[in-house]
Structures are given as structure tokens and as C-alpha cells.
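Here's a quick briefing to read with the model open beside you. Have a look at the structure first, then work through the points below.

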Amino acid sequence: MKKLIILLLFPLFSWAQSGILKESLSVKSQILAKEVKYSIYLPSDYESSNRSYPVLYLLHGYGDDETGWTQFGSMQHIADETINSGKAPQMIIVMPDASATWYLNSFDGKVRYEDFLVKEFIPQIESTYRIRSKKEFRAVAGLSMGGFGTLLLATKHPEMFSAAAPLSASVSTDEEWTKMEDQMWNTRYNTLYGPNLKGKDRLNEHYNNNSILKIVEKGNLKDLKSVRYYIDCGDDDHLIKGNMALHAAMIDKGVPHEFRVRDGGHTWIYWRTALPEVLKFVGESFHR
């Protein structure tokens, strides 16, 4: 009798299969004049079925690359566990390398990463893999710099995404921006917004056009409301002030969103615990 039970249960355990992870593939970009690497997670039945799947673009933080989420974020394990448990649907997860571009076009037009993502990368990926290429089945999420990129893409291109989930997003108030130490500016932002800018000079046209807080404040409410937002930042995170300002701006504008402040800081431990909720949230958006 015990042997019979074991035989009956075996198929149930074997059903929970791992998704297919392919790291550091590349696409050619005419806009950036180079090859750009990406990693991709495919559902476990991708190669044995003819189905098309919804897609999540998962963005890395400053100093990482297309392998950040897989090496440090346990993305494959978390996705397998969340999907196999039925808490999220089967989906394709794409992780592009953005270097230190902050996912936007530079002030001088020399590095047009936002244009690359929207005009080249997403179309190429969705013509290469069996992806349901409609807003309803496309989402974006990311951490820190990738959280900024998530908000940038979702607010400037709301026609493309059904859901956006920024984690510990790099959002700053005007006051924080003008008071930023010169070393930080020169290390991370001068090639994006302009060199040798200090104080209020940093609040130039390019900054205003790409400030998440200003985009929310001045944006079209109907467009902003067409995307579902899930915002999560730790209570000990140095970016909590900017995230709380974003929360307040969305309340003032009337943009529905979920806002989470949990115990934790700017760490992979925090982002790993956030990812299951992100997958569930975007999965619910795909099913709407």
C-alpha cells in the first residue's frame, strides 16, 4: 500500500519544474551602435508548447548588469516557486543590461538608452520569443536605478505597460537634487544631465523632463491611471524620502497605487523578499 501511494504522488512532485534561464545573450542596437546583453527566463514548458506568454521586463540597479537579478536576486528560484505554487501565472522575464544609463536618454543625445528600450529592444525581444505583445500582457519592474527606470518607462510610455513595480526606486526631490554632493553628481549624473552643474542649475530642462515627481505632477491623469503601480521601499533605505514624496504626489494627482514600507534597507535581502509580491502583482495585472 505504501508503494502505491509513493507511485501516485510522484507525478505531483515531478510537475513542479524549473523555468529555463539563458544568461548574457545579446541584441544589436543601431541606436546605441553596439551589442547589448540581456538574460531571459522562459517558462518550463516554453520549448514543449506553442503558447505565447505575458512578459515582465526586470531592471537592474546601479553597478549591476543583466546578471544581477539572477546572481544576487535568486530570480530563477523565486520565479519557479511563485509560479509553481499558482500565485503567479507563467511568464517570460527579460533582464537587459543598462550599464549606468539610468534607462534614459542623455542630455546631449549621445546615449539614447530610453529610445533603445522602447524602439529597438522590446520590439526585438517580442519578435524573437513567443510573447503576447500588447500592453495588457507587458509589465516592468526594477530595483534602485532600475526602480527609476521602471517609473520612467511607465509614466512616459503608459501605452506600453499594464503594471509597474519599482523597488527602492531612485527618486529624489528637487531639494535633494540641488544639495547633492559634487562627487556624487560627477560620478553618476554629469553625463546624463550635464557636467559642472551645481545647485539649482541642475534643475534644467532635461532634469524636468525626466523627473518622476514632475512627470506625475504634470502628466495626463488618464494615461497615468492606465498603469497599475506597486511601490515598495524599506524604512531604513536612504531613498525612502523620495519614495514617500512619490506616494504623496500620486495621492495629490489621484493616481491609484499600492505603497509598501517594510522593515529593511537598500539590500538584496529586501529585494528578494519583494520579488514574489511583484510577480503576483504583475500576474494579477495580466489577468485583468
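Helices here are DSSP runs of H or I with at least four residues, numbered from the N terminus. Keep in mind that this is a predicted model. With that settled, helix 3 is followed by G86, which has a positive phi, near 85°.

- Helix 3 spans residues 75–84, and its buried residues are M75, I78, A79, D80, T82 and I83.
- Among the elements covering those buried residues are strand 1 (20–29), strand 2 (34–42), strand 3 (55–59) and helix 13 (268–286).

**K214**
- You'll find K214 in helix 10, which runs over residues 212–218.
- K214 counts as buried because its relative accessible area is 16%, and the cut-off is under 20%.
- Its side chain makes a polar contact with the side chain of D174, at 2.9 Å.
- Setting aside neighbours within four places in sequence, K214 touches D174, Y207, N208 and G219.

**The largest pocket**
- This pocket holds about 550 Å³ of space.
- Its lining has 28 residues, with S170, S172, Y189, H238 and L239 nearest the centre.
- Helix 6 (174–178), helix 7 (182–188), helix 9 (205–210) and helix 13 each give at least two residues to that lining.
- By class, the lining splits into 15 nonpolar, nine polar and four charged residues.

**The second largest pocket**
- Here the space is about 290 Å³.
- Of the 20 lining residues, A98, S99, A100, T101 and V111 sit nearest the centre.
- Strand 2 supplies the largest share of the lining, four residues.
- The lining has nine nonpolar, five polar and six charged residues.

Technical notes:
Residues are numbered from 1 along each chain as its sequence is written. This is a predicted model: local features need pLDDT of at least 70, side-chain atom pairs count only at pLDDT 80 or more; totals for chains, interfaces and linings use all residues. Side-chain values use heavy atoms; hydrogens and water are left out. Buried means under 20% relative accessible area, exposed over 50%, partly exposed in between (1.4 Å probe, protein chains only). A polar contact is a pair of N or O atoms within 3.5 Å; within protein, one must be able to donate a hydrogen and the other to accept it, and residues adjacent in sequence count only if both atoms are side-chain atoms. Contact means heavy atoms within 4.5 Å. On a 1 Å grid over the protein atoms alone, a cavity is a set of points where a 1.4 Å probe fits but cannot get out, and a pocket is an open set with protein on both sides within 12 Å along at least five of seven lines; lining residues have an atom within 4 Å of a point. Grid points are joined across faces, edges and corners, and a volume is the space filled by probe spheres set on the points. Ala, Val, Leu, Ile, Met, Phe, Trp, Tyr, Cys and Pro count as nonpolar, Asp, Glu, Lys and Arg as charged, and the others, Gly among them, as polar.
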